[in-house]
Amino acid sequence: MKLVTFNIRCDFNQDGENSFCFRKPLIREKLEQERPEVICFQEVLPHVAVWLKEELTDYYVVGCGRSQSLEDEQVSIAFRKDTMNLISMETFWLSPTPQTPGSRYQEQSECPRVCTEVLLEEIREKKVFRLFNLHLDHLGAEARKLGLSQILQKAGKAVLFPEAPVILAGDFNAEQNGEELQLMKNFPSYQNAAEGIGVTYHGFTPEDKPESIDHIFYQSPLYCERVEKWEDCRGKVWLSDHYPICAVFSWKS
């Protein structure tokens, strides 16, 4: 099972030769080549969500915008129609009132943060797993800790298939040794497939500080066979300002 976390970059036509309109062909070609079973997208604006649904005809694409009106950025999950069966799906906000659209923690930026959760069955293996696609706050470390803690607690209280292993994938906006990710030490059942992978955010330009902020945490009996960054570049056009991270999972017998 090939799973990718892919911050696709908000498209406000602000990136010159790396604006989304110029990156589309490279993104389309890469996804057609790799055909991952599951893709966790972040920073998906409404018109980009429309494009994904039009282009990824072999996938279902789920998710909604983070604002009260369900517009603005999404953390969309795309999963293959032929290999994955959707058991359940839920959207919730990272806040003290997660069922209130547009809500947020006082400690975070003005941006609400949303999480998309799916319970999927891998049809071939007849195995079920739970996946959270997340994009934590870009300004507040305390908000990131609160959001991550909320997700971990929710995963631990699952009622439907509570034994299913969990995957947390996305843009954590936190370095691997950051204080936010110290929370994961309280949950030793999780391993980080992206540990040691190096820079995941490059920002298109040398002026941007490179960071390692995209992660894929997973639980047994899932086993990560290999992980890689998609560093594709055509001329000076990149897939995104983040390197998508691709992990290949199998199931321990």
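## Surface and charge

In this predicted model, the protein chain exposes about 11300 Å². Of the 253 residues in the chain, 57% count as buried.

The charged side chains comprise 28 positive and 39 negative ones. The centres of these two sets lie 4 Å apart.

## Overall fold

The secondary structure of the protein chain consists of three helices and 14 strands. Along its principal axes, the C-alpha trace spans about 45 × 45 × 35 Å. The radius of gyration is 17 Å, which agrees with the value near 18 Å that a compact globule of 253 residues would have.

Among contacts with a separation of 6 or more, 70% come from residues 24 or more positions apart.

## Helix α1

Helix α1 covers residues 20-34. Its 15 residues should span 21 Å at 1.5 Å a residue, and the end C-alpha atoms are 20 Å apart, so the two values agree. Just after α1, arginine 35 takes a positive phi of about 45°.

The buried residues of α1 are Phe20, Arg23, Leu26, Ile27, Lys30, Leu31 and Glu34. An α-helix has 3.6 residues a turn, so residues three or four places apart point the same way. Charged residues are on the buried list too, including Arg23, Lys30 and Glu34.

The cover over these buried residues includes the strands β1 (2-7), β2 (38-42), β11 (222-229), β12 (233-234) and β13 (237-238). Helix α2 (46-55) also contributes to this cover.

Note on methods: Residues numbered from 1 in each chain as written. Predicted model: local features only at pLDDT ≥ 70, side-chain atom pairs only at ≥ 80, totals over all residues. Heavy atoms only, no water. Helix = DSSP H or I, 4+ residues; strand = E, 2+ residues; numbered from the N terminus. Rg over C-alpha atoms; globule rule 2.2 N^0.38 Å. Buried < 20%, exposed > 50% of the residue type's maximum accessible area, 1.4 Å probe, protein only. Contact = heavy atoms within 4.5 Å. Areas by Shrake-Rupley, 256 points an atom, 1.4 Å probe, with all protein chains shown as cover. Charge placed at Lys NZ, Arg CZ, Asp CG, Glu CD. Expected span 1.5 Å × (residues − 1).
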